Amino acid sequence: MSATIKTVGVIGAGQMGNGIAHVCALAGFDVKLNDISADRIKAGMATINGNMARQVSKKTITEDERKAALGRIGAAEKFEDLGACDLVIESAIEKEEAKRKIFADLCPVLKPEAIVASNTSSISITRLASSTDRPERFIGIHFMNPVPLMELVELIRGIATDDATFETSKTFVSKLHKTIAVSEDFPAFIVNRILLPMINEAIYTLYEGVGNVEAIDTAMRLGAHHPMGPLELADFIGLDTCLSVMQVLHEGLADSKYRPCPLLVKYVEAGWLGRKTQRGFYDYRGDKPVPTR
């Protein structure tokens, strides 16, 4: 029998986590938002408030809906504050060791029937589940960025995920008014298995001097009708995240076509991670983004 989700915990108040909290609260779920510091939770709440205010200005939600949704979100400064949650979604850094540490600390404080999910964009759900005390109640729920705007959610079962967890998760995602794509538990799942190698190839195109940043992005926007160029998209995603996904693909599938471009590695080593650090393939420190190559 599938369970009923009423209270959702979200671990990570950054770009993805605050977006997940946002859509859950608007859908009527009570939300507990956790991060490593109270300041980060506060910043995440401020982002949610600003994004909902924009939705009100665009008349996609009402002011009353905004106030009600914000009232459903509470801070959870400690994992113990997530103990009553029916579902906890981890949305931390895309590093397996960090996620495993979170699950090791989280699971002992949860009620036995609680479902644990990861928003990982590439890491094996089976492997993550094996680090918990409830692999049958563990699942991948991968939201797209930005969460309030993107319609798709990938659902990924680990080898031990039971039918009740899968059905409960499907019902939960449907209540968020998202469309579900079910993926097998292979590296990077569906979207990133296709998208990140394209971005990596665009970086190789830059690295090899085929075109500059502006030419490559213009070519794909106007020649392939993409809403933004692949290098601009990489900056939006975060170059560290792009590199992590490519490393998972390269290691998990052992195919040289997934080798991360050395230029991507260099940018990450420089700390030029895209929009979040104000520099990546574009420099965002001025009034208008300027290509860095």
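**Salt bridges and their surroundings**

A: In this predicted model, the count of salt bridges comes to 15. Side chains of opposite charge can pair when their charged atoms come close.

Begin with Arg66 and Glu63, whose side chains form a salt bridge with an N to O distance of 2.5 Å. Both belong to helix H3, and because they are three residues apart there, about one helical turn separates them. Arg66 has a relative accessible area of 14% and is therefore buried, the limit being under 20%. Glu63, at 32% relative accessibility, counts as partly exposed.

H3 spans residues 63-71, and its buried residues include Arg66, Ala69 and Leu70. Viewed down the axis of H3, the buried residues fall within an arc of 95°, so they line one face of the helix. Asp64, Lys67 and Gly71 are exposed on the other side of H3. The cover over the buried residues of H3 includes helix H1 (15-26), helix H2 (38-57) and strand E3 (73-75).

The next pair is Arg127 with Glu96, a salt bridge at 2.8 Å, N to O. This one links distant parts of the chain, since Arg127 is in helix H5 (residues 125-129) and Glu96 in helix H4, 31 residues apart. Arg127 is partly exposed, its relative accessible area being 39%.

Another bridge joins the side chains of Lys276 and Asp240, at 2.9 Å from N to O. Lys276 lies in the loop between helix H11 (262-270) and strand E9 (282-283), while Asp240 lies in helix H10 (residues 239-253), so the pair ties together parts that are 36 residues apart in sequence. With 52% relative accessibility, Lys276 counts as exposed, because the limit for that class is over 50%. Asp240, at 22%, counts as partly exposed.

Salt bridges also connect into a network that links Glu90, Glu94 and Lys99.

As for placement, Arg66 and Glu63 share helix H3, whereas the Arg127 and Glu96 pair runs between helix H5 and helix H4, and the Lys276 and Asp240 pair between a loop and helix H10.

Conventions. Residues numbered from 1 in each chain as written. Predicted model: local features only at pLDDT ≥ 70, side-chain atom pairs only at ≥ 80, totals over all residues. Heavy atoms only, no water. Buried < 20%, exposed > 50% of the residue type's maximum accessible area, 1.4 Å probe, protein only. Helix = DSSP H or I, 4+ residues; strand = E, 2+ residues; numbered from the N terminus. Arc of directions from axis to C-beta. Contact = heavy atoms within 4.5 Å. Salt bridge = Lys/Arg side-chain N within 4 Å of Asp/Glu carboxyl O.
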